[in-house]
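I opened the model to look up a few points about its sheet, its helices and the contact between its chains. My entries follow in the order in which I looked.

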Amino acid sequence: MTVPALEADALGKRFGRRSWALRDCSFRLPAGRVCAVVGPNGAGKSTLLALAAGLLAPTEGTVRVLGAHPAAARSRVGFVDQDKPLYPQLTVAETLRMGADLNPGHWDADTARRVVAGGDLDPDRRIRALSGGQRTRVALALALGKRPELLLLDEPMADLDPLARHELMGLLMGEAAAHGTTVVMSSHVVAELEDSCDHLLLVGGGKIRLSGDIDDLLAAHTRVTAPAGADLAAHEVVESRTTGRQLSAVIRPSGPLPDDWRTTTPSLEDLVLSYLRNPAAPALTPAPETLEAAV
Amino acid sequence: MVDYRIDRRSGVATYVQIVQQTKQAIRLGLLVPGDKLPTAREVVEATAVNPNTVLKAYRELEREGLVEARRGLGTFVRRSLGAAPADSPLRAELEDWAARARESGLEREDVAALFTAVLETHYPEQAAHPAPAHTPQGDPS
């Protein structure tokens with residue numbers, strides 16, 4: 001509860017001379033959360049995860065992982081890259097043996113075997129002969145077998161069919177329940193994360209647009225339907241559209257709203273989409289000081 | 001044992017669905033006092049929902065006095081709900097009645113409408129409550 005799983009302060013990464021993949025990112029992810037990193041393609045999700053995994057060095061700012069420098073935390077962190085890099089010439093069984101050799105003293109062979117077994121994988125098959133989904137399974141088995149405190153997954157479910165997706169998500173949730181593992185997973189499909197995640201990082205245009213516990217973020221926003229021309233100036237407006245005589249908006253209310261406005265709490269997908277449609281909407285990321293107080 | 005089924009499109013919060021389905025199982029006598037609820041791990045592995053969602057549901061059930069958490073052992077049912085276990089004489093009468101309704105040619109919707117109308121006459125205040133998204137057994141429709 002005390003040391004955050006992930007903490008970024010003015011974090012930025014530039015590729016080449018002037019193309020910033022991420023800039024001025026500050027957030028804090030408390031330990032034990034299941035965090036969704038959401039954003040459109042090219043938003044900076046993969047860069048953020050690679051920085052956290054210690055595979056990239058920041059151009060500016062800092063990122064701390066389990067209270068340490070990413071390189072120093074590496075043995076406590078599991079990372080599954082989007083491309084699931086594995087040795088194609090090894091068999092499934094050999095790959096797991098390699099996992100055991102690389103993680104002496106904290107290799108959980110049972111978990112690794114269970115993840116692989118769920119996919120009806122022949123241990124003697126070579127990695128190169130596996131389908132994309134089967135390869136994901138092996139990569140997850142390697143990452144979970146390491147018994148990490150923090151699991152970083154970049155688009156983990158992208159090449160899985162719905163059944164395998166549900167099953168592997170269940171397995172991840174089981175690990176989180178049993179060991180308090182912090183899980184961070186990126187996706188551009190919000191709906192598939194809604195039930196599994198309790199924390200959100202919304203990345204867009206290289207910035208953090210939203211960060212916080214999902215329940216808090218939803219509670220901070222209201223979808224309002226009001227007569228056209230209603231004055232929203234007192235509130236933070238994420239999105240507002242007028243159709244005929246009616247105005248529909250997503251706002252962060254800064255006080256009580258008039259009685260004749262209809263209000264509902266947006267769904268997570270609704271909220272994320274309203275931010276993505278409106279790149280100029282003010283970001284909501286709790287200031288580090290308030291975070292300090294909340295932990 | 002209770003097998004939770006989460007319906008994401010029901011509009012009912014996931015933890016509320018777990019609370020409702022647990023109560024339904026207790027009401028039907030599928031869970032009786034002393035029975036152990038599945039562990040959070042078992043529930044999340046089967047449903048892929050967030051562990052905190054399950055814990056929130058169990059806390060709510062505990063707050064209502066229906067279950068109790070015993071440290072290191074699990075969560076156990078404390079008391080029963082209602083007076084209509086799955087094998088009660090009332091159920092047998094209802095079975096009888098449903099069989100007669102079917103013999104007399106009533107369609108499924110006719111029976112449901114009739115039952116709901118009678119239910120609302122005798123339990124007017126319950127009518128406004130949302131029904132559970134799924135019952136833990138049988139056809140939810």
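Entry 1, the sheet. I looked up strand 10 of chain A and found three bridges joining it to strand 13 of chain A, the two running antiparallel. Strands here are DSSP runs of E with at least two residues, helices are runs of H or I with at least four, and both are numbered from the N terminus. Two strands pair if DSSP finds at least two bridges between them. I noted that A:V224 has A:T263 in strand 13 of chain A as its bridge partner.

This is a predicted model, in which local features need pLDDT of at least 70 and side-chain atom pairs count only at pLDDT 80 or more, while totals for chains, interfaces and linings use all residues. Residues are numbered from 1 along each chain as its sequence is written, and chains are lettered from A and ligands numbered from 1 in the order in which they are written.

I then followed strand 10 (residues 222-227) of chain A to strand 12 (residues 246-252) of chain A, and six bridges join this antiparallel pair. Within it, A:R223 stands opposite A:V250, and A:A226 has A:L247 as its bridge partner.

Which order do the four strands take? I read 11-12-10-13 in chain A, an open sheet with antiparallel pairing. Strand 11 (236-243) and strand 13 (262-264) of chain A stand at the edges with a single partner strand each, so one side of each has no neighbour in the sheet. On average, neighbouring strands of this sheet are turned by 20° against each other, direction ignored. Axes are lines fitted to C-alpha atoms, for helices over the stretch in contact, and angles between N-to-C directions run from 0 to 180 degrees.

I also found helix 7 (residues 268-277) of chain A packed on the sheet, where it touches strand 10, strand 11 and strand 12 of chain A. Its direction makes about 85° with that of strand 11 of chain A. A contact requires the C-beta atoms of two residues, placed from the backbone, to lie within 7 Å.

I checked helix 2 (residues 92-102) and helix 4 (residues 132-145) of chain A, whose axes come within 10 Å and cross at roughly 25°. That makes the two helices of chain A roughly parallel, a term for angles under 35 degrees. I listed A:V92, A:T95, A:L96 and A:G99 of helix 2 of chain A against A:V138, A:A141, A:L142 and A:G145 of helix 4 of chain A.

I placed A:H179 in helix 5 (residues 162-179) of chain A. A:H179 and A:R76 are 103 residues apart in sequence and 13 Å apart in space, C-alpha to C-alpha.

I recorded five helices and two strands in chain B, in the pattern α-α-α-β-β-α-α along the sequence. Of the 141 residues in chain B, 26% are buried. In the contact between the chains, I found 14 residues from chain B and 14 residues from chain A. Helix 2 (40-47) and helix 3 (51-63) of chain B each supply at least two residues of the chain B side, and helix 2 of chain B gives the largest share, six residues.

How values were computed: A residue is buried if 20 or more other C-beta atoms lie within 10 Å of its own, exposed if 12 or fewer, and partly exposed in between; C-beta atoms are placed from the backbone. Angles under 35 degrees count as roughly parallel, over 145 as roughly antiparallel, 65 to 115 as roughly perpendicular and the rest as oblique.
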